[in-house]
Amino acid sequence: MTKNIDWGNLGFEYTAADYRVTATYKDGKWSELKLTDDPTVHISECAGVLQYAQTVFEGLKAYRTSEGKIYTFRPDLNAQRLIDSANRLVIPAVPEEMFMEALDMLVKANEEWIPPYGSGATLYIRPFIYGSGPVIGVAPAPEYEFRMMCMPVGPYFKGGAKPIVIKVSDLDRAAPHGTGNIKAGLNYAMSLHAGEIAHAEGFSENMYLDAATRTCVEETGGANFIFITKDGKVVTPKSKSDSILPSVTRRSLMIVAKDILGLETEQREVLFEEVPEFAECGLCGTAAVISPVGKINDHGKEIAFPSGMEEMGPTIKKLYDTLTGIQMGTIEAPEGWIHEIK
Ligand code: PLP
Ligand code: COI
């Protein structure tokens with residue numbers, strides 16, 4: 001049974017599903033996980049998250065396969081990244097086993113919200129941990145909540161697989177050796193103003209350059225870059241200063257490219273100067289999957305990729321088809337990539 005929803009027309013928006021999983025951290029330990037149907041949280045007005053943005057999160061998806069199974073994709077990497085993010089913001093980490101238990105509980109309880117196979121929609125899962133206890137001097141909060149919620153979503157960018165146009169931002173996303181490599185709410189608060197500017201000017205997203213020298217490509221507000229060279233190599237930027245989020249999608253695509261598609265791959269510094277030389281460009285992430293980029297606007301000067309504005313370039317299309325095939329169970333996954341919930 002699934003909910004009666006127009007799955008094909010969903011955007012990337014919040015819907016309160018029936019259940020979410022929560023646990024609280026108090027006196028040095030995590031409570032048991034529990035399911036609740038209450039979509040509202042009740043916290044101190046002086047909570048660490050409200051005063052000093054002490055919150056970290058994750059994003060992953062559940063997929064219904066053609067055989068009616070329910071898959072999640074490499075959730076162990078999300079569990080580990082949440083631990084890394086938590087450590088950086090002095091938030092008590094949720095151990096991997098607890099994360100996996102919460103994931104199974106959440107997805108099973110909300111099974112009716114998982115979009116049908118082939119509908120174009122998926123179940124987006126958002127785990128997060130935030131400081132719920134009061135602090136007024138700058139310090140870690142005394143208490144925390146871990147919550148995992150989920151919602152059915154469609155494409156992150158309007159138009160789905162249609163190429164988008166992005167701009168080079170004049171504002172920076174992350175400082176060198178700052179928090180760009182973790183999934184902290186504060187990184188996204190930082191990006192809102194630049195995002196509004198881009199949208200007002202008619203662009204879908206921002207390309208951020210490295211903040212120190214503004215010569216190298218880093219990432220966008222919510223996805224990593226992949227580029228395809230004219231001779232078919234897959235290139236992804238490496239940060240000069242550890243300020244790119246280690247995307248699960250990008251790390252997986254680099255393996256898909258090399259081991260399944262037999263393509264050459266490179267993770268290296270990518271100079272902004274060399275971007276016009278690439279044949280294809282895409283943004284990759286859980287929400288974005290792979291969104292092709294048709295053009296990049298650099299202060300009025302346009303970089304137009306040969307793949308054009310009509311459809312994905314051929315190599316990005318192959319990567320997209322293989323990755324989504326693995327996630328939806330039509331292509332055999334590398335060992336350990338699929339966590340089957342049912
Ligand atoms: N970069 C940023 C800043 C993100 O917010 C995301 C989204 O999670 C990604 C990259 C893509 O990461 P992943 O593929 O793990 O979803
Ligand atoms: C994701 O892809 O899961 C993200 O978190 C990106 C964005 C929605 C913040």
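Ligand 1 is surrounded by 17 residues, the closest being Tyr188, Glu219, Ser247, Thr249 and Thr286; a residue counts as near a molecule if one of its heavy atoms lies within 4 Å of it. The model is predicted: local features need pLDDT of at least 70, side-chain atom pairs count only at pLDDT 80 or more, and totals for chains, interfaces and linings use all residues. Residues are numbered from 1 along each chain as its sequence is written, chains are lettered from A and ligands numbered from 1 in the order in which they are written, and side-chain values use heavy atoms, with hydrogens and water left out.

**Ligand 1**
- Thr286 places a polar side-chain atom 2.6 Å from an oxygen atom of ligand 1, where a polar contact is a pair of N or O atoms within 3.5 Å.
- The side chain of Arg81 has an N or O atom 2.8 Å from an oxygen atom of this ligand.
- From Val248, a polar backbone atom is 2.8 Å from an oxygen atom of ligand 1.

**Ligand 2**
- Around ligand 2 are Phe12, Phe57, Gly59, Tyr124, Arg126, Tyr156, Lys183, Tyr188, Gly222, Thr286 and Ala287.
- A polar side-chain atom of Tyr124 is 2.6 Å from an oxygen atom of ligand 2, and an N or O atom in the side chain of Lys183 is 2.7 Å from an oxygen atom of ligand 2.
- Thr286 has a backbone N or O atom 3.5 Å from an oxygen atom of ligand 2.

**Domains and their interface**
- The chain is assigned domain 1 (7-153) and domain 2 (164-328), with bounds from an automatic or database domain assignment.
- Domain 1 gives 25 residues to the contact and domain 2 gives 23, contact meaning heavy atoms within 4.5 Å.
- The C-alpha centres of the two domains are 25 Å apart.
- About 2,000 Å² is buried between the domains, 66% of it from carbon and sulfur atoms; buried area is the accessible area (1.4 Å probe) that two parts lose on being put together, summed over both.
- In domain 1, the residues that lose the most area to domain 2 are Phe57, Phe73 and Arg81, together 32% of what that side buries.
- Nine residue pairs are in polar contact across the interface, both residues at pLDDT 80 or more.
- On the side of domain 1 that touches domain 2, two or more residues each come from S4 (55-57), S5 (60-64), S6 (70-73), H2 (75-88) and S7 (122-131); helices (H or I, at least four residues) and strands (E, at least two) are DSSP runs, numbered from the N terminus.
- H2 gives the largest share of that side, six residues.

**Salt bridges**
- The count is 16 salt bridges, each a side-chain nitrogen of Lys or Arg within 4 Å of a carboxyl oxygen of Asp or Glu.
- Across the interface of domain 1 and domain 2 there are zero salt bridges.
- Asp18 and Lys3 form a salt bridge, with the closest N and O atoms 3.1 Å apart.
- Both Asp18 and Lys3 lie in the segment before strand S1 (20-26), so the pair ties together parts 15 residues apart in sequence.

Technical notes
Polar contact = N/O pair within 3.5 Å; in protein donor to acceptor, adjacent residues only side chain to side chain.
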